Amino acid sequence: MSNVAQHPGLLLIAAGVLLAVLRGRLRDIVLLAAPLAALALAWNVPDGILLEGKLLGYEVVPFQADKLSRLFAIIFAIMAFGGALFALRQPSRLELPAAFLYAGAAMGVAFAGDLLTVFVFWELMAIGSTLVLWSSGSATAYRASVRYLMIHLLGGTLLLVGVAGHAAEAQSLRFAAMQVDSLSHWLIFAAFLINAGAPPLSAWLPDAYPESSWSGMVFLSAFTTKTAVYVLLRGFPGTEWLVYIGMFMVFYGIIYALLENDMRRILAFSIVNQVGFMLVGIGIGTEMALNGAAAHAFTHILYKALLLMSAGAVLYATGKRRCTDLGGLFRTMPVTTACGIVGALAISSFPLTSGFVSKSMVTQAAATGHLLVIWLLLAAASAGVFLHAGIKFPWFVFFQKDSGLRPPEAPLNMRLAMLLFAALCIGLGIWYEPLYSLLPYPVEYAPYTGPHVVSQLQLLLFSGLAFFVMLPWLKRTLTITLDFDWVYRVAGRAVALALGRLIASALDGLAQMRDRICACVLASAKRFHAPGQILARTWPSGDSALWMMVMLLALLTSGFLAWN
Amino acid sequence: MEERPSAPAQSVPAQTLSARTIRRLWLMLGAVLAATVLTEIWIPSEPHFEIERLFAFAALFGFLACAAMIVAATALASLLKRPEDFYRERGDE
């Protein structure tokens, strides 16, 4: 049992509980030290089973490690530290404890050796992330969090039913690679995809995340979708469906982000887009592609957090989220602008940034597999990422027309968090060997070849040209774009209300019928039993004697007739 | 919907760039673009597919793909764009 103390996820959850009661300097120390301790534990956790037991006749392995789980645990710990440093001034007493529960639960999934443990931590993640949303405190955030929770509880239910079915079929709960060959496996697959932000339910992500606080979305961007990538990597590598689903997500993210006016919703759509790249890699399923998907999840967490920190710093300083209200902030927020640009370059896979060394593995896997159409679509999508996140986000927030806003630069702790993540984005782009050595399979790939760098620069810079040439087409308006959530927010609501009215009128009809029947019974009772009516009158006793005599006579007569 | 800022952002009259600066920025962009295309003469591409043998394929493909995506987005917007308070007016928000 001593291994329990080595579990970095449980350490973070315990620190979250502690944070709920601590104040002042002590709180700050725990806030920053706990993720670092979790990082050290995750780094040093040995391979193999560390905790096992029996539950209802099944073998359960709540704590098990290998290269893949360690990779995700390490990045989750780094993320928790960066997020905590950024959120140091967060006044909400709920957000950081919830975020630590959330991060710890994500690590719990990464170290789960059986599906039941996956389910338990899966649900804890849903609770933690919902609490992060709640802590934002606004009414819109609350409503968005309820929609978010409904989708995730649906996903959790699908997962539980799938796991139960799998346990019955396979007589084992161990979490190993599966095929989508039975109903229970399809249910598990669907549950994983819901958390990945896959269609048709992807709208939960851009609906809910941007409603969180300025620091909340930094945490939210990292754990749910990337844990889904992790479980798909372990559970369904090489599943062809993932190529098509991922490709849809890639383009859905780009198109919706191009139409969006809210700076953080642009980045939310961009999460779906990036997870799409990872799913395509998992679907291709070769060692190179799986390495690429895992590496991309790692680098994505860093640059997406960095982008959301810069957006969070802008929200913190200006209180504004819409591109139409922002612009020209580079004048007074130079560090935030520079860090936002580094994040934007990294997400676009510019050479010398982390995105370049990770995403190109997925593209290379498509090329090696002679998958021309997929390769072309991935190249188009890479250009599209630069379009919607690489240029659009920094352009509309920090440059474009001057909004006249002159907000102060972000506070020191936020700047430090941004600078740390910017350094990691560039550092991993140059010294990528440490990242490659953490990947699940041996890497035989050199990202920096002359032709690769030149073609990537051409692809990206000419998509930049397309952006500026077609800028009038991209002018932001005060609009939203309808998504699948219309189905449950408008159509579903209308159906529910209509059904409610139908039930109400049916109940009304039943009540009227009841009243009529009661009135009928009462009236007939009155007719016979009311004072003076036929059954309520007094009769002389002579009448009774006469009637009894008549009946006796009838009896005797019938008896006599029967006898003869 | 909006967060309370730590300090209200100071607002001043908006500044604009002069036409000359904008022209200079365009020239700079043009020079960088030309440089990335011309580099291909010295560092020829290592194609995985036939189509990549085309000179400056990545540049052309990047531009056209982005233009196509912007057009597609605009077309989709004509169907799916709604005012910001669309959901609020429907009692959901």
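**Figure 1. The salt bridge between chain B and chain A.** One salt bridge, meaning a side-chain nitrogen of Lys or Arg within 4 Å of a carboxyl oxygen of Asp or Glu, is counted between chain B and chain A of this predicted model. Its partners are the side chains of B:Glu84 and A:Arg322, with an N to O distance of 2.6 Å. The model is predicted, so local features need pLDDT of at least 70 and side-chain atom pairs count only at pLDDT 80 or more, while totals for chains, interfaces and linings use all residues. Residues are numbered from 1 along each chain as its sequence is written, chains are lettered from A and ligands numbered from 1 in the order in which they are written, and side-chain values use heavy atoms, with hydrogens and water left out.

**Figure 2. The side of chain B that touches chain A.** Contact (heavy atoms within 4.5 Å) takes in 58 residues from chain B and 70 residues from chain A. About 5900 Å² is buried between the two chains, 68% of it on carbon and sulfur atoms; buried area is the accessible area (1.4 Å probe) that two parts lose on being put together, summed over both. Between chain B and chain A, 10 residue pairs are in polar contact, both residues being at pLDDT 80 or more. A polar contact is a pair of N or O atoms within 3.5 Å; within protein, one must be able to donate a hydrogen and the other to accept it, and residues adjacent in sequence count only if both atoms are side-chain atoms. On chain B, β1 (10-11), α1 (19-42), α2 (57-80), β2 (81-83) and α3 (86-89) each supply at least two residues of this side. The largest share, 18 residues, comes from α2(B). Helices (H or I, at least four residues) and strands (E, at least two) are DSSP runs, numbered from the N terminus.

**Figure 3. Strand pairing across the two chains.** Strand β4 (residues 479-481) of chain A pairs with β2(B) in the antiparallel sense over three bridges; strands pair if DSSP finds at least two bridges between them. A:Ile480 has B:Arg82 as its bridge partner in β2(B).

**Figure 4. The hairpin of β1(A) and β2(A).** Strands β1 (residues 48-55) and β2 (residues 58-65) of chain A pair in the antiparallel sense over six bridges. The bridge partner of A:Gly48 in β2(A) is A:Ala65. Two residues lie between the strands. A:Leu56, in the turn, has a positive phi of about 50° although it is not a glycine.

**Figure 5. A cis peptide bond in chain A.** The bond from A:Pro199 to A:Pro200 is cis, with omega near 0°. A:Pro200 is found in the loop between α7 (183-196) and α8 (204-208) of chain A.
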